[in-house]
Amino acid sequence: SFLQGSKLEIPLWLAKGLRDSKRRIISVELPKIYKEAWRTVFTADATVVDLHKMGPYYYGFGSQLLNFDNPENPEIAQTILQTFISRFRRIMDDSQNAYNEDTSVLVARLDELERTLFQAGQKGLNDFHCWEKGQASQITASSLVQNYGKRKFPDVDG
Amino acid sequence: RGSSSFRSEAKSGRTDLIFLIRFRHCYLLRNQRCILAYLYDRLLRIRALRWEYGSVLPNTIQFHMSTEEVEWFNRYKKSLATYMRSVGGEEGLDLTQDIKPPKSLYIEVRCLRDYGEFEIDDGTTILLKKNSQHFLPRWKCEQLIRQGVLEHILS
């Protein structure tokens with residue numbers, strides 16, 4: 001049993017489930033990167049922030065936070081959007097130009113959404129080079145099966 | 001008599017109970033979401049197997065599938081076969097073939113492991129032994145390449 005007024009850390013999905021505008025069971029405090037102090041850092045220059053350390057789900061989590069009635073929501077939403085816009089160009093450029101290179105430095109400070117975007121860009125780049133080399137018509141083994149081949153399974157009579 | 005006092009007791013403890021019930025309900029819903037996500041991911045992989053591997057799954061994979069998943073795979077197979085028969089005229093169209101754009105009718109392949117005898121269209125059989133190389137019709141080899149038995153060599 002919990003005392004009224006006690007402060008806890010709970011997972012987002014639990015907070016979402018307990019939220020009720022009629023019966024005020026819980027109120028949510030914003031994590032610091034969505035608060036005013038950090039928001040000004042983001043508006044100054046979002047491209048230098050290490051979103052992996054700060055997140056790593058800055059965009060996803062931030063969007064979910066908007067579910068709770070917080071007077072700062074419009075500012076939070078705006079900051080998240082502007083951050084994405086200012087960082088996107090570099091992510092796209094990097095992912096389209098790093099061919100056959102070690103990209104760990106490029107992705108180190110990206111949040112998970114940005115990393116997915118980066119990988120999509122890389123895949124496009126690699127597919128293009130594959131096509132350029134004339135390898136697009138080469139039939140390849142199914143990746144699902146290649147993995148199975150390497151693992152040991154108990155003997156089953158077929 | 002006893003029931004009215006019970007009712008008033010239940011009413012006074014109500015706010016506590018509501019919190020606990022909600023709490024537990026959240027957990028149940030989350031567990032359900034996790035399980036569904038896992039099962040759905042498995043289903044997507046099983047579906048991909050039909051396209052990438054073929055219509056007969058190796059025992060090593062089937063061993064790890066639940067009865068319902070095997071049933072699902074068979075129903076999906078059937079659905080796909082019915083659809084493929086309905087397009088492309090009389091013989092239907094095998095959509096699982098030529099996934100990569102074909103450049104020639106015949107291709108060079110190398111055998112990656114001992115497979116045994118393999119019959120080609122004109123009735124002759126070829127022995128597929130590890131490291132042997134052959135020049136074979138593309139449509140015959142495609143499945144074996146995808147299964148990892150043969151390797152497609154580009155000239």
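**Strands, patches and salt bridges**

Modeller: Let's start inside chain B: in strand 4 of chain B, His134(B) is the bridge partner of Val109(B). Bear in mind that this is a predicted model.

Biologist: Okay, and which residue stands opposite Val109(B) in strand 5 of chain B?

Modeller: Strand 5 covers residues 150-153 and is joined to strand 1 of chain B by four bridges, with the two running antiparallel. Within strand 5, the residue opposite Val109(B) is His152(B).

Biologist: How many bridges pair strand 1 of chain B with strand 4 of chain B?

Modeller: Strand 4 spans residues 133-137, and it pairs with strand 1 in the antiparallel sense. One of the contacts is the bridge between Val109(B) and His134(B). The number of bridges is five.

Biologist: Is Glu108(B) buried, partly exposed or exposed?

Modeller: Glu108(B) belongs to strand 1 of chain B, and its C-alpha atom is separated by 8.9 Å from that of Pro137(B), 29 residues apart along the chain. Its relative accessibility is 27%. Buried would need a value under 20% and exposed one over 50%, so Glu108(B) counts as partly exposed.

Biologist: Now the backbone. Where is Asp98(B), and what is its phi near?

Modeller: Asp98(B) is placed in the loop between helix 4 (67-86) and strand 1 of chain B. It is partly exposed, at 36% relative accessible area. Its phi is positive although the residue is not glycine, and the value is near 55 degrees.

Biologist: And what is the phi of Asn131(B) near?

Modeller: You'll find Asn131(B) in the loop between strand 3 (125-128) and strand 4 of chain B. Asn131(B) is exposed, with a relative accessible area of 56%. Here too a residue other than glycine has a positive phi, and it is near 75 degrees.

Biologist: On to the surface. How much accessible area do Phe88(A), Met92(A), Leu113(A) and Leu117(A) have together?

Modeller: Those four form a nonpolar surface patch. Helix 5 (73-97) and helix 7 (112-132) of chain A each supply at least two of its residues. Phe88(A), for one, is in helix 5 and is partly exposed at 32%. Together the four have about 310 Å².

Biologist: Which residues form the positive patch?

Modeller: Lys16(A) is one of them, and it is placed in helix 1 (residues 12-18) of chain A. Its relative accessible area is 34%, so it counts as partly exposed. The patch is formed by residues of chains A and B: Lys16(A), Arg19(A), Arg30(B) and Arg33(B).

Biologist: What about salt bridges: which residue does Lys123(A) pair with?

Modeller: The structure holds twelve salt bridges over all chains. In this one, the closest N and O atoms are 2.8 Å apart, and both residues lie in helix 7 of chain A, four residues apart, about one turn of the helix. Lys123(A) is exposed at 51%, and its partner is Asp127(A).

Biologist: Last one: why does the salt bridge of Glu69(B) and Arg42(B) tie together separate parts of chain B, and how many residues apart are they?

Modeller: The closest N and O atoms of the pair are 2.7 Å apart. Glu69(B) is buried at 6%, while Arg42(B) is partly exposed at 23%.

Definitions and conventions: Residues are numbered from 1 along each chain as its sequence is written. Chains are lettered from A and ligands numbered from 1 in the order in which they are written. This is a predicted model: local features need pLDDT of at least 70, side-chain atom pairs count only at pLDDT 80 or more; totals for chains, interfaces and linings use all residues. Side-chain values use heavy atoms; hydrogens and water are left out. Patches are made of residues with over 30% relative accessible area and no salt bridge: like charges are joined within 9 Å, nonpolar side chains (Val, Leu, Ile, Met, Phe, Trp, Tyr) within 5 Å. Accessible areas come from the Shrake-Rupley method with a 1.4 Å probe; for residues, only the protein chains shown count as cover. A salt bridge is a side-chain nitrogen of Lys or Arg within 4 Å of a carboxyl oxygen of Asp or Glu. Lys and Arg count as positive and Asp and Glu as negative; His and the chain ends are not counted. The place of a charge is taken as NZ of Lys, CZ of Arg, CG of Asp or CD of Glu. Buried means under 20% relative accessible area, exposed over 50%, partly exposed in between (1.4 Å probe, protein chains only). Two strands pair if DSSP finds at least two bridges between them.
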